[in-house]
Amino acid sequence: LADLTAPQILRIVNHAHYLKQVSVPWLAPQSKKSARLRMPSQSLFNKSIALLFAKRSTRTRVSAETAAVLLGGRALFLGREDIQLGVNETPRDTARVIGGMCQGIFARVGAHEEIEELARYSPVPVLNALSSLWHPTQTLADVLTLHEHAHLFDTALKTPPPANKPLPQLRPLTIAYVGDSTNVLHDMLVTYPRLGHKMRVASPEKPAYQCPQPVWDRVTQLGCDKDIWWGSDPKEAVKGADVVVTDTWISMGQEAEKAQRLQDFAGYQVTEALCRDANPDWKFLHCLPRKQEEVDDQVFYGPRSLVFPESDNRKWTIMAAFDLLFGKWDLAGEKTLK
Ligand code: CP
Ligand code: NVA
């Protein structure tokens, strides 16, 4: 998301809201007259999107496959065991070959450099489905979820947004993140301050849990750092927070560090007690998959939790990104989002 402007990010999120309304008719009852007109864009008709996934996925994969269907196209799941990449073929050659047959590549990789290389050599757009440094489509879903629940943060709004209406504005929020400096956090850091929100982050003091320099460089280039407080005390981080967010303490590929990490993150579990000084109406977000150590059941399954609307919104935001950045890309090129 650091590669997009704030209006471009909101354009995708608002488009996701529209696609959700027209794809799930019972969300927005339509008049008979408008029913035929109000259907999802078919911008992927006769097109194929490659899902190049080197790591496991439930939400991102299912979102991508089902969204491609709704847009009239097809997604090809290409897992690590399926194709020559990494065993018999380089990322450079793979990008050129797949890009010669498909109209977009949605890639989940290990090291972030791998997706940079795919993007460099692909003739078609490449979207990040998660890398070591970033997870942009997760933040898109989180932003949509917060806008849909704007009434929970703003007494003047009172009710959820009516069907067929644009997304409501969000009042400036304080968003706290407690946990590891993960790909999920990094896209929040380059997005929320540009949308007018403040961030408060707590991670343990060890260098391994601090923001990687290439990410912090993007944060400062975008001027986001002035709206980010960063410390090591989770109780301090959640003070006054409207939203509390966390991620797993053991990301994919870090399984060997589990014992050390459980020790280092002691005291970071999100609970009612930890968040005593948050805004009394605070809400909870988590990208999932979730482990009990980072958030207890009372919060995760309780009334503060927006985690399942958030996971539903992975589909609509990925669908919006596919429509604007794959389906319509060859019609309008880089102007698609302007
Ligand atoms: N949140 C998320 O990316 O989930 P998956 O790993 O299941 O896709
Ligand atoms: N930080 C986690 C996110 C999973 C969606 C990981 O990279 O495994």
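Predicted model: local features only at pLDDT ≥ 70, side-chain atom pairs only at ≥ 80, totals over all residues.
Colleague: What makes α6 mostly covered?

Modeller: The count for α6 is 13 of 13 residues buried. A residue is called buried if 20 or more other C-beta atoms lie within 10 Å of its own.

Colleague: Why is Leu 130 called buried?

Modeller: Leu 130 has 27 C-beta neighbours inside 10 Å, and the cut-off is 20 or more, so Leu 130 counts as buried. You will find Leu 130 in the loop between β4 (126-128) and α6.

Colleague: And what makes the phi of Leu 130 worth a look?

Modeller: Phi of Leu 130 is positive, about 130°, although the residue is not a glycine. Most residues other than glycine have a negative phi. Asn 46 is another case, with a positive phi near 65°.

Colleague: Then why is Ala 208 called partly exposed?

Modeller: Ala 208 has 15 other C-beta atoms within 10 Å. Exposed needs 12 or fewer and buried needs 20 or more, so Ala 208 falls in between. Ala 208 belongs to the loop between β6 (198-202) and α9 (213-221). The C-alpha atoms of Ala 208 and Pro 40 are separated by 44 Å.

Colleague: How do you know that the radius of gyration of the chain agrees with a compact globule?

Modeller: For 338 residues, a compact globule would have a radius of gyration near 20 Å; the chain has 20 Å, so the values agree. The C-alpha trace spans about 55 × 55 × 35 Å along its principal axes, and buried residues make up 44% of the chain.

Colleague: Which domains does the assignment give, and how far apart are their C-alpha centres?

Modeller: The assignment gives domain 1 (6-134 + 313-337) and domain 2 (150-305), with C-alpha centres 26 Å apart. Their contact takes 17 residues from domain 1 and 16 residues from domain 2. On the domain 1 side, helix α1 (residues 6-23) gives the most, with five residues.

Colleague: How do you know that both domains contribute to the shell around ligand 1?

Modeller: That shell draws at least three residues from each of domain 1 and domain 2. The residues around ligand 1 include Ser 57, Arg 59, Leu 130, Cys 287, Leu 288 and Pro 289. By class, the shell has four nonpolar, four polar and one charged residues.

Colleague: What makes the peptide bond between Leu 288 and Pro 289 cis?

Modeller: Omega is about 0° for the bond that joins Leu 288 and Pro 289. Most peptide bonds are trans. Pro 289 lies in the loop between β9 (283-286) and α12 (297-300).

Key
Residues numbered from 1 in each chain as written. Chains lettered and ligands numbered in written order. Near = placed C-beta within 6 Å. Nonpolar A, V, L, I, M, F, W, Y, C, P; charged D, E, K, R; others polar. Domains from an automatic or database assignment. Rg over C-alpha atoms; globule rule 2.2 N^0.38 Å. Contact = placed C-beta atoms within 7 Å. Helix = DSSP H or I, 4+ residues; strand = E, 2+ residues; numbered from the N terminus.
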